[in-house]
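Hi,

Here is the structure I said I would pass on. Have a look at it, and then read on for what turned up.

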Amino acid sequence: MSSLYVCLSTVLLWVSGRGYEYYYNDWTMRGPDEVIAEEGQSAVLPCRFTAPFPGRTVSGSVIWFKKDSLSRHVPFNCIYYGLGHSRSKLCENVIQKDGGNRYRFVGNLSDNDASIMMEGLNQMDSGYYKCHVDLDIGNFESLELMSLRVRAAGGNVPVVSGTEGGSVTLPCMFTPPSGITLQLSVTWMRKEPYQHKVTFRAQSNGSWTRVNGGNRYELVGNPKKGNASTRINELSVKNSSTYLCLVEHKGWNKNKPNDYLVQNETRLQVFQITELFPIAMLSISLGLKLLALLVMWIILLRDKTRKEQE
Ligand SMILES: *[C@@H]1O[C@H](CO)[C@@H](O)[C@H](O)[C@H]1NC(C)=O
Ligand SMILES: *[C@@H]1O[C@H](CO)[C@@H](O)[C@H](O)[C@H]1NC(C)=O
């Protein structure tokens with residue numbers, strides 16, 4: 001039995017530049033081979049799967065393993081009771097703490113997504129991770145491990161601000177993984193609430209097109225130069241949040257194609273013009289009043305010294 005399992009388990013397909021994709025008994029699971037993020041920031045560990053009974057509402061657990069050289073432990077797990085169940089939110093808003101790190105479920109089991117986000121990364125988080133779903137229709141995990149590499153912090157998280165109705169460029173400067181790599185896509189996710197915003201994909205002629213998401217977004221940086229900065233037009237105060245920029249790279253590692261997901265954080269603050277205006281007016285008028293007081297005080301002082309001299 002176990003030899004059959006091993007034999008069938010080798011039915012493993014490396015889809016060029018699409019990360020691992022593992023098939024077994026009508027189940028599939030896929031994600032990038034390596035996630036690269038910065039110390040102090042956050043990273044999404046993606047995991048998508050398909051189950052043998054498409055369309056069926058499922059319930060069950062999501063479990064993430066971390067594998068060290070010696071053991072494997074469970075930094076994250078949550079139970080999902082199914083769509084419409086009063087406790088169905090259990091997985092959706094789960095945040096778990098583990099040695100100071102925070103793990104948050106950002107997937108949606110009804111949508112075959114078991115992704116999590118790790119916040120406040122430190123270099124000890126680097127390692128190998130595995131996604132496992134334990135559902136009422138069976139359980140599944142990929143044989144492949146996903147590597148998380150936490151790089152030393154390269155500086156503070158950039159903060160940009162804009163005003164309502166205006167536009168702003170969200171910076172996304174990234175260092176590609178070592179070796180020869182090619183950029184495939186740039187995706188922006190909002191952190192809270194966790195939401196996909198836009199995806200740009202590289203075309204064979206070298207240009208980039210928006211394939212998914214709002215038309216308020218424009219890729220203005222040159223990803224070839226490690227710059228995936230993106231402009232947001234028609235800003236609204238509601239857009240204030242932290243965003244994650246995910247740049248998907250294709251490369252080769254140990255003679256097999258590898259899919260790398262390089263992630264970066266950026267913070268956006270959007271102000272209402274009417275919010276800024278009174279403050280500006282107030283400070284100007286306050287400044288004028290202070291100046292007038294100062295002038296009066298100088299005149300008084302001068303008169304006083306003059307009187308004393310007389
Ligand atoms: C999860 O996915 C299901 C099916 O696609 C969808 O109906 C539901 O709105 C999603 N839930 C959230 C919180 O996005
Ligand atoms: C990245 O690209 C944007 C848009 O072209 C540009 O304004 C910005 O200066 C670039 N950043 C760096 C560090 O080169």
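Before we start, one cut-off you'll need: a residue is called buried when its relative accessible area is under 20%. Also, keep in mind that this is a predicted model.

So, the cysteines. A disulfide is a covalent bond between the sulfur atoms of two cysteines. How many disulfides does the count come to? It comes to two.

Let's take Cys172 and Cys245. A disulfide joins them, with 1.9 Å from S to S. Cys172 sits in the loop between β16 (168-170) and β17 (181-190), while Cys245 belongs to strand β22 (residues 241-253), so this link ties together parts that are 73 residues apart in sequence. The angle about the S-S bond is -60 degrees, and the link is left-handed. Are these two cysteines buried or exposed? Cys172 has 0% relative accessibility, so it counts as buried. Cys245 is buried as well, because its relative accessible area is 0%.

Now for the other pair, Cys47 and Cys131. Their sulfur atoms are 2.1 Å apart, and they form a disulfide. Here, too, distant parts of the chain are linked: Cys47 is in the loop between β5 (43-45) and β6 (48-50), Cys131 is in strand β12 (residues 127-135), and the two are 84 residues apart. The torsion about the S-S bond of Cys47 and Cys131 is about -70 degrees, so this disulfide is left-handed. Cys47 counts as buried because its relative accessibility is 0%. For Cys131 the value is 2%, so that residue counts as buried too.

Cheers

Technical notes
Residues numbered from 1 in each chain as written. Chains lettered and ligands numbered in written order. Predicted model: local features only at pLDDT ≥ 70, side-chain atom pairs only at ≥ 80, totals over all residues. Heavy atoms only, no water. Disulfide = S-S within 2.5 Å. Helix = DSSP H or I, 4+ residues; strand = E, 2+ residues; numbered from the N terminus. Buried < 20%, exposed > 50% of the residue type's maximum accessible area, 1.4 Å probe, protein only.
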